[in-house]
Each structure stands twice: as structure tokens, then as C-alpha cells.
Amino acid sequence: PIATIVNLTGTFLDWNNGESTFAPEITLKQYVLVSFVPLILATFYTIPWKILDNTIREMEPFYQLSQPGGATAENSLCLDYATSFLFTTPFKSIRNGHAIVLWSSLTSLAVIFLPSLVSEALFVSTTGICTPDVRDRNCHSVWAVYPKLIRAIQALLSFIAVLLILMIIYGYRRNSGVYSEPLSIAGLASLLSNSSVLETFQMIDSTTKKRELQRLLAGKRFAISEKSPSDLDRTAEEDVMKPRLRISRVWCDIRLKLYYYLAIFFLGGLFILITFYFFTRGDSGFELWMDSGTYGLRFAWTGLGTAIKLFFNYLDQGKSISNLRRNEPYHRLLLGSSQPEDSILVPVYMSPFSAIIPSFRSRHFLVSLVCFASVLAEFLPICLGNIPYTPSLTYHAFVTCSILSMIILLFMMACIVVLILRPRRRVRPLPRRTDTLASICCYVAAGESVEGSAIGMLDQLSGLSKNGTTERDNVVIERGGLYAMGIIKGDGLRVDCDGRITRLW
């Protein structure tokens with residue numbers, strides 16, 4: 001055939017001799033290959049890119065610190081790429097001149113559109129007369145493509161390949177300057193323990209707000225070196241500020257609950273819509289649109305699934321108030337007497353896939369539950385994209401995808417209900433988010449242990465910055481200490497050994 005023609009009467013093939021014939025009927029195997037496999041592959045394709053982008057954004061401050069001469073606080077300790085919204089990260093990276101973050105964020109943005117494009121580029125169409133009342137002998141399913149969308153996908157994949165090559169070339173000689181995982185509390189504290197910058201953070205009030213902290217560190221340079229984990233001129237005493245107002249716990253609770261209620265409203269509305277479409281056989285405008293097989297229908301539903309995935313991921317990873325994965329170790333410390341493997345040794349996981357089992361083992365059951373819901377949300381575009389019923393869609397596929405979509409949405413809503421109803425003591429707001437290295441440094445920079453008092457966490461971690469992750473963690477666990485986050489007399493809110501905490505926050 002030299003061309004494929006799709007119109008209201010069916011799908012036809014044009015041949016060299018000028019004849020046109022109906023497209024041949026596809027087999028069940030071909031049906032699965034067209035309707036599900038491309039969408040599944042596109043969904044799985046987005047996962048490693050998301051992990052790569054998260055890793056680059058989390059580690060970028062350390063790469064900046066390891067440059068010759070170091071970097072200013074604005075370009076290192078105060079960077080908040082890790083929790084930035086995906087669509088704003090490229091603009092932030094351009095402003096800061098961080099090319100590799102720009103390329104990785106553009107890659108993550110590009111792969112977001114792949115499932116929606118794939119859902120329309122390859123599809124199953126019908127030929128002949130195929131209606132509920134009339135079906136002629138030529139009514140059967142055929143394999144069809146939209147060439148323009150195929151070209152768009154090829155262009156998108158080529159764009160991603162170019163960005164990947166640039167990241168490999170640019171990152172080949174980059175060095176983070178660290179020997180072990182630095183994103184846990186213990187990892188950063190081990191870098192800070194023998195540093196000349198420690199005294200600077202000890203002079204800053206630990207409850208200082210984020211903007212005030214950025215102002216205090218503005219223009220000063222930091223570096224990671226072989227001689228000492230970091231280097232910084234001491235901040236002048238007159239620059240140190242007290243917080244103007246402690247963050248309102250009531251206001252934090254209100255904002256958090258509003259976010260949860262918005263999620264319940266959005267997910268519940270979609271659940272009701274799918275349930276209505278699944279159990280009714282009416283002729284309302286919505287049902288006629290869903291049954292029309294209009295071009296862009298699958299694109300819209302697949303895109304809706306992608307939007308829900310991003311929305312729910314923002315719940316446990318983004319710059320939301322909850323940010324469960326990042327904040328859970330601090331919540332454990334705020335309760336006092338926490339084991340190191342449940343708190344200071346917990347790393348920042350780059351994806352919900354890698355966080356489920358370790359969080360469950362560490363008894364962070366709520367984090368594990370929400371991460372599992374995030375994993376299910378990754379596959380929601382596949383299910384939603386096959387809900388609109390057409391003659392080319394098998395009834396079993398329609399039923400399976402509809403039921404799976406409803407189950408996933410119910411599970412996600414159940415997770416949010418648990419978050420709303422969880423005991424108040426489990427939600428203790430900190431004066432500022434832990435989304436920058438500077439913010440965490442202020443929390444862990446406890447004062448030196450005085451003679452006769454308990455040994456501090458920084459003293460225990462001294463000299464471990466050049467150990468591997470496993471070796472460092474084993475040393476901390478073997479020491480058998482407990483840790484907490486609370487008020488140290490004369491030193492403010494800090495993370496330290498349990499024996500040094502005067503009272504909990």
C-alpha cells in the first residue's frame with residue numbers, strides 16, 4: 001500500500017494500481033500490541049528519567065560546592081531545586097546558570113507528554129459499518145496510526161537523546177566532593193562536624209525563617225575541599241538575626257488540610273464521573289462524547305491521568321507542606337528517643353519505587369503507604385486512556401481499565417483520609433522547610449559538648465565524612481545512641497543526641 005485513508009466509513013488502503021481496499025482485520029495479539037503495549041512502554045520510560053532528574057536536582061548543591069573556589073550561598077546551600085515545581089525548575093536553572101539541571105528538567109518535562117501522544121499515535125480503528133444496531137460483514141478492527149503524531153514522538157525522543165548526550169559530556173568530569181550519601185541528616189552532619197563553617201551556623205538562630213537565612217548567607221562563599229569538608233568566613237555577629245515570628249501551627253494545619261480536601265474533591269469527582277459512565281447506558285452529552293471515538297479523546301484522558309500522577313507525587317515529594325518522604329525523619333526526631341536507622345540515617349529517596357520497602361522496614365508505614373499510592377498513580381494514564389468505549393475497544397479491556405481506575409482512585413483517596421485523620425502529634429511544623437542544605441545545617445549545628453555533658457551528634461560523626469555510606473551507617477548504629485529534635489538550653493532548636501535535648505519542640 002502507498003497510503004492509509006481513515007474516514008467515517010472505515011479504514012482503507014490505497015495501492016499502486018489505484019485500487020482501494022478495506023484494511024485487514026488484526027489479531028488479538030496485534031490488538032494488545034496497539035492498545036496497551038505502547039502506552040505501557042511510554043509510562044515505564046518516564047520512570048528512570050524522573051529518578052535521574054531528582055538525583056541531579058538533589059546533588060547539584062554539592063557539585064557547585066566542589067568547584068574550584070566554591071560557590072556563593074545562593075548557588076549552593078540555598079538552592080531548592082529538590083522541591084521546586086517541575087515546570088518552574090528550567091527557569092530557575094537558567095537564572096542560576098546551571099546547565100545540567102536545565103537539561104534534566106527539560107527531559108522530565110518532555111517525557112511527561114509521551115504517554116498522551118502515544119495513546120493517539122497508535123490506535124485501533126474500525127472499518128465497515130460498526131454500530132450497536134447494524135454491523136455488516138466488513139466490520140472489523142484494524143491497526144491505524146497518525147503519521148504527524150509519530151513524527152512528533154520521534155522529534156521528542158531525538159530531543160531527549162540530545163539532552164542526554166549533553167548531560168553525559170558535561171557531567172563526565174564533574175565531582176561532587178563527597179564520599180558517601182550526603183542527603184541524610186547524618187550524611188550532612190558528618191560534613192559539617194569538622195568544618196570551619198559550623199560556628200557560623202551555630203551563631204544563627206535555629207528558628208530563623210528561610211528568607212532571613214538566605215539574607216544572612218547572601219554573597220558568602222562555601223566550598224568542599226580535601227582539607228576540610230567545607231570552608232567559609234565566619235559570619236559577623238551583628239548579622240545574626242532572631243526570627244520575627246514563629247510559624248503558626250494552626251495556620252500550617254489549615255493550609256495542609258485545605259490541600260488534602262482539594263485532593264479529595266478532585267479525585268472524588270473523577271471517581272464519580274468514571275462510576276457514572278461505567279454503570280449507566282444513557283445518552284447524556286458526556287456519554288455521547290465518551291462513546292464518539294473523537295480524535296483527542298484518549299489524549300485527554302491519558303493527560304488527565306498524568307496530571308493526577310503529578311498532583312499526587314507533589315503530596316509526598318514536592319514543595320507541599322506535608323512532603324512526607326523528606327519530613328518523616330524529622331517527625332520521628334520531634335517525638336524524641338529515635339533510633340538512628342529511623343531518623344538521621346534515612347536518606348532522601350529519589351522515587352516512590354525505592355522508598356516503599358525501606359520506609360516499611362523503618363516503620364514509616366504512612367510514607368510507605370503514600371509511596372505505594374504514588375506507584376499506582378504512575379499507571380493511571382494507562383487505565384484512563386482505555387476507558388472511553390468505542391467499537392474498536394474490547395468490552396473486557398473497558399471493564400478491566402474502568403475497575404482498575406476506580407480502585408486506584410479509591411486507594412489514593414483512602415491515603416489522603418488517613419493523612420487528614422492521623423493524630424495531631426504526628427504533624428509538628430518546623431519553623432522552615434528542610435528543602436535546602438542551609439536550612440538543615442541550622443538544625444544540626446548544635447553547640448559543642450561541655451565537660452561532663454552528653455556527647456553530641458556532631459562529635460559522634462566527626463571523622464566519618466570520608467567513609468562509605470555503609471561503613472558510616474554501621475558505625476552510627478553500633479554506637480547505639482538515640483536521637484531527638486528539640487530545644488537545647490542556650491542553643492535553640494537542634495537535632496542532637498537524645499541526652500542533650502532539654503525539651504521537645
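Select strand 8 and strand 10 (residues 503-504): two bridges join them, and they run antiparallel. Helices (H or I, at least four residues) and strands (E, at least two) are DSSP runs, numbered from the N terminus, and two strands pair if DSSP finds at least two bridges between them. Within this pair, Gly-486 stands opposite Leu-504 of strand 10. The model is predicted, so local features need pLDDT of at least 70 and side-chain atom pairs pLDDT 80 or more, while totals for chains, interfaces and linings use all residues. Residues are numbered from 1 along each chain as its sequence is written, and side-chain values use heavy atoms, without hydrogens and water.

Ala-484 has Asp-496 of strand 9 as its bridge partner. Three residues lie between strands 8 and 9 in this hairpin, and Gly-490 in the turn has a positive phi of about 80°.

Move to helix 2 (residues 37-65) and helix 6 (residues 147-171), whose axes come within 14 Å and cross at roughly 35°. Axes are lines fitted to C-alpha atoms, for helices over the stretch in contact, and angles run from 0 to 180 degrees between N-to-C directions. Select Tyr-45, Trp-49, Leu-52 and Ile-56 of helix 2 with Leu-157, Ile-160, Leu-164 and Met-167 of helix 6 to see the contact (heavy atoms within 4.5 Å).
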